[in-house]
Amino acid sequence: MGFTGSLILARTLVPLSELDPLVGQEVELVGHRDDQWQLAAVDGHAPDTPGWAAALVDTTTAPVLIAVVDDSDSALLLAASPGGHGWITVLNAPAGSAGRAAMADTRAMTAIAEQAVAWAVEAGHTSDTEAVLDALCAADRDNRAADTAFSEALDAGDLAAADEVVRRQISFIEVYVLRVLAVLGLAVPVPEGSWWAHLASQAHHGCSGSPDTALDAAARSPAAGRRSPDGRT
């Protein structure tokens, strides 16, 4: 099984686990930056994601981003800020869902990307709208392309090609979440040796053109452990 829970990005001087509404939750610090930004993972389904975001914005007086991950397969991104620069979208939305339909609407996705850029500005970072738009659409685009390539390989009886599609496909949506953070200028260094560092390494390989090089630090940070959910890459 993959990860089901929330990835929470917030700026705070104290550990996220000590802030309402996360007190009493199963919280793991994924990584942190020198400028007080922290990324934490909270296991399990959040009872009220918008409420969590609003409470954290009130407590930290800074922008907050929450990624609600479902079995490492899809992620709902919800961002809020003191200045009202909120936005919401879904990475790798299920077929037939409103999120999947939104991905096909270029104008709507561009508007979300512009809102995300405004959110990042309030967070103290300058981002490129086109890069953000690409990161928000990447999971849906990549998985559609992989599905097509896999079907074509099977139809052609080329099992080696089908295996190669499976081998190269990114199986964890958290990788795409980390890529979004990178293009927003908020990549978070992750301790080497952790499961999150493995995912951060994959995210970095897809963000080599990003101006923020914080993901490079994942390979240089002190070790911290996390279980590997399964054998997916």
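**Figure 1. Order of elements in the predicted protein chain.** From the N terminus on, the elements of the protein chain run β-β-β-α-β-β-β-α-α-α-α-α-α. That gives seven helices and six strands. Helices (H or I, at least four residues) and strands (E, at least two) are DSSP runs, numbered from the N terminus. The model is predicted, so local features need pLDDT of at least 70 and side-chain atom pairs count only at pLDDT 80 or more, while totals for chains, interfaces and linings use all residues. Residues are numbered from 1 along each chain as its sequence is written, and side-chain values use heavy atoms, with hydrogens and water left out. Of the 233 residues of the protein chain, 48% count as buried; buried means under 20% relative accessible area, exposed over 50%, and partly exposed in between (1.4 Å probe, protein chains only). The accessible surface of the protein chain comes to about 10800 Å², and carbon and sulfur atoms account for 53% of that area. Accessible areas come from the Shrake-Rupley method with a 1.4 Å probe; for residues, only the protein chains shown count as cover. Among contacts (heavy atoms within 4.5 Å) between residues at least 6 apart in sequence, 68% join residues at least 24 apart.

Figure 2. The six strands form an open sheet in the order β2-β3-β1-β4-β5-β6, with antiparallel pairing. Two strands pair if DSSP finds at least two bridges between them. β2 (27-32) and β6 (87-91) are the edge strands, each pairing on one side only. From one strand to the next, the twist averages 15 degrees. Helix α1 (residues 49-60) packs on the sheet and touches β1 (5-11), β3, β4 (64-70) and β5 (74-80). The direction of helix α1 makes about 155 degrees with that of β4. Axes are lines fitted to C-alpha atoms, for helices over the stretch in contact, and angles run from 0 to 180 degrees between N-to-C directions.

**Figure 3. Strand β1 and its partners β3 and β4.** Six of the seven residues of β1 are buried, so this strand is mostly covered. Seven bridges join β1 to β3, and the two strands run antiparallel. Six bridges join β1 to β4, also in the antiparallel sense. G5 has a bridge partner in each of these strands: D43 in β3 and V69 in β4. A10 stands opposite V64 in β4.

Figure 4. Strand β3 covers residues 37-43 and pairs with β2 in the antiparallel sense over five bridges.

**Figure 5. The hairpin of β4 and β5.** β4 and β5 pair in the antiparallel sense over seven bridges, and three residues lie between them in the hairpin. V64 has A80 as its bridge partner in β5. β4 is mostly covered, with five of its seven residues buried. D71 and S72 both deserve a look in this view. D71 lies in the loop between β4 and β5, and its phi is near 55 degrees, a positive value in a residue other than glycine. S72 is found in the loop between β4 and β5; its phi is also positive, at about 60 degrees, although S72 is not a glycine. Most residues other than glycine have a negative phi.

Figure 6. The peptide bond from D20 to P21 is cis, with omega near 10 degrees. P21 lies in the loop between β1 and β2. Most peptide bonds are trans.

Figure 7. F150, L154, L159 and V166 make a nonpolar surface patch of about 350 Å². Patches are made of residues with over 30% relative accessible area and no salt bridge: like charges are joined within 9 Å, nonpolar side chains (Val, Leu, Ile, Met, Phe, Trp, Tyr) within 5 Å. A salt bridge is a side-chain nitrogen of Lys or Arg within 4 Å of a carboxyl oxygen of Asp or Glu. The elements that give two or more residues to the nonpolar patch are α4 (129-155) and α5 (159-168). L154 lies in helix α4 and is partly exposed, with a relative accessible area of 42%.
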